Amino acid sequence: MDKTYQTLVIGAGINGLATSYHLSKLGVKNIGLIERFDHGHNRGSSHGQSRITRSAYINEHYVRLMQIAHQEAWPQLEKDANTQLIYPTSGCFFGPPGGKYTSYEKAVTSVGVDVEPLTPQEARKRFPAFRFEGAAGALHDRTAGLVAASKTIQSLAQIIEQSHIDIHTHTEVLEIDPAQTPIKITTNKDTFFAEHLIVTAGPWVANLIPQIKTRVSVARQTVAYFKLSGPPEQYQVGTFPVWGYLLNKGDVGYYGLPEFGREGIKLAHHVITPEG
């Protein structure tokens, strides 16, 4: 059955769900959401128990944006979901001299957020689990926290369902024809039309929008969980920080989070981008 939407969103990961949520909050009517798999699937980048939220970024505009997120957006979502989604815990971000640490320190200092620069000696006292060998310094981000990721996905999906947004799961988009008015979207089940189309398809976005294929690349991110020696309570939210080792563009950086939702602290690496 063909159906026309005022706004159609393709991809129901965190970006697609959050987009649909805010469209509804803004009063947009007749919204559709298409998902190739199901909510919370593990084929994209929105699955897992935890993520980091912080103010420490390299870009001043993003630092300011995070203040809106922390002071307005997350509290509103928690209120709408009637559950806690952000678990405050200190942030610790450090790196070697000449790396991105200096740019991070400059950005947070310029904006004036609750992020304190520490010397390596001060950082070792505040975060005894880290050595800070060769570090230029560390940023103690008091605005940081752990995001209950899978709980956020579930909460957004529930809110969207209650908002009478049409959700089409297990629906694969085969072709987008932007030349038509309204835009034509062909799937493995039905044909849809949209006055406005938003694509949040993650690693599949280049297949759906071939024009950006040369500008999009997909990178694998490796995540591991480690059970460390010592009292378990010292690795919990509120005691153990969310942290990041800041290097330069093109280098492999590391970050981690406290134990949450499963045994062991979370440790991951990724290639550093210009945005941090």
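Ser 50 is placed in strand S3, where strands (E, at least two residues) and helices (H or I, at least four residues) are DSSP runs numbered from the N terminus. With a relative accessibility of 2%, Ser 50 counts as buried, the term standing for under 20% relative accessible area, with exposed meaning over 50% and partly exposed the range in between (1.4 Å probe, protein chains only). When residues up to four places away in sequence are not counted, Ser 50 touches Leu 146, Val 147, Ala 149, Leu 257, Phe 260 and Lys 266, a contact being defined by heavy atoms within 4.5 Å.

The model is a predicted one, in which local features need pLDDT of at least 70 and side-chain atom pairs count only at pLDDT 80 or more, whereas totals for chains, interfaces and linings use all residues. Residues are numbered from 1 along each chain as its sequence is written, and side-chain values use heavy atoms, with hydrogens and water left out.

The chain contains 16 strands and 6 helices. Along the principal axes, the C-alpha trace spans about 65 × 40 × 35 Å. Of the 276 residues in the chain, 41% are buried, and among contacts with a separation of 6 or more, 66% are accounted for by residues 24 or more positions apart.

The chain exposes about 14,800 Å², of which carbon and sulfur atoms supply 50%; accessible areas come from the Shrake-Rupley method with a 1.4 Å probe, and for residues only the protein chains shown count as cover. The chain carries 26 positive and 25 negative charges, whose mean positions are 4 Å apart. In this count Lys and Arg are positive and Asp and Glu negative, while His and the chain ends are not counted, and the place of a charge is taken as NZ of Lys, CZ of Arg, CG of Asp or CD of Glu.

The structure holds 8 salt bridges, each defined as a side-chain nitrogen of Lys or Arg within 4 Å of a carboxyl oxygen of Asp or Glu. One of them joins the side chains of Glu 172 and Arg 36, at 3.4 Å from N to O. This pair links distant parts of the chain, 136 residues apart, with Glu 172 in the loop between strands S9 (166-168) and S10 (173-177) and Arg 36 in the loop between strands S2 (31-34) and S3 (50-53). Glu 172 is partly exposed at 29% relative accessibility, as is Arg 36 at 34%.

A further salt bridge is formed by the side chains of Arg 142 and Glu 116, at 2.5 Å from N to O. Here the partners are 26 residues apart, Arg 142 lying in the loop between strands S7 (137-141) and S8 (145-148) and Glu 116 in strand S6 (residues 115-118). Arg 142 is partly exposed, with a relative accessible area of 43%, and Glu 116 is likewise partly exposed at 31%. Both residues belong to a network of salt bridges that also includes Asp 114.

Lys 227 and Glu 263 form another salt bridge, in which the closest N and O atoms are 3.3 Å apart. The two residues are separated by 36 residues, with Lys 227 in the loop between strands S13 (222-226) and S14 (242-245) and Glu 263 in the loop between strands S15 (252-257) and S16 (265-271). Lys 227 counts as exposed, at 65% relative accessibility.

In strand S1 (residues 3-10), Leu 8 is buried with a relative accessible area of 0%. Its contacts, not counting residues up to four places away in sequence, include Gly 32, Leu 33 and Ile 34, together with Ile 185, Phe 192 and Ile 198. The C-alpha atoms of Leu 8 and Pro 120 are separated by 50 Å.

Several backbone features were also identified. A cis peptide bond, with omega of about 0°, joins Thr 181 and Pro 182, the latter lying in the loop between S10 and strand S11 (183-187). Asn 30, in the loop between helix H1 (14-25) and S2, has a positive phi near 55° and is partly exposed at 38% relative accessibility. Asn 82, in the loop between helix H2 (60-81) and strand S4 (86-88), also has a positive phi near 55°, and counts as exposed at 70% relative accessibility.
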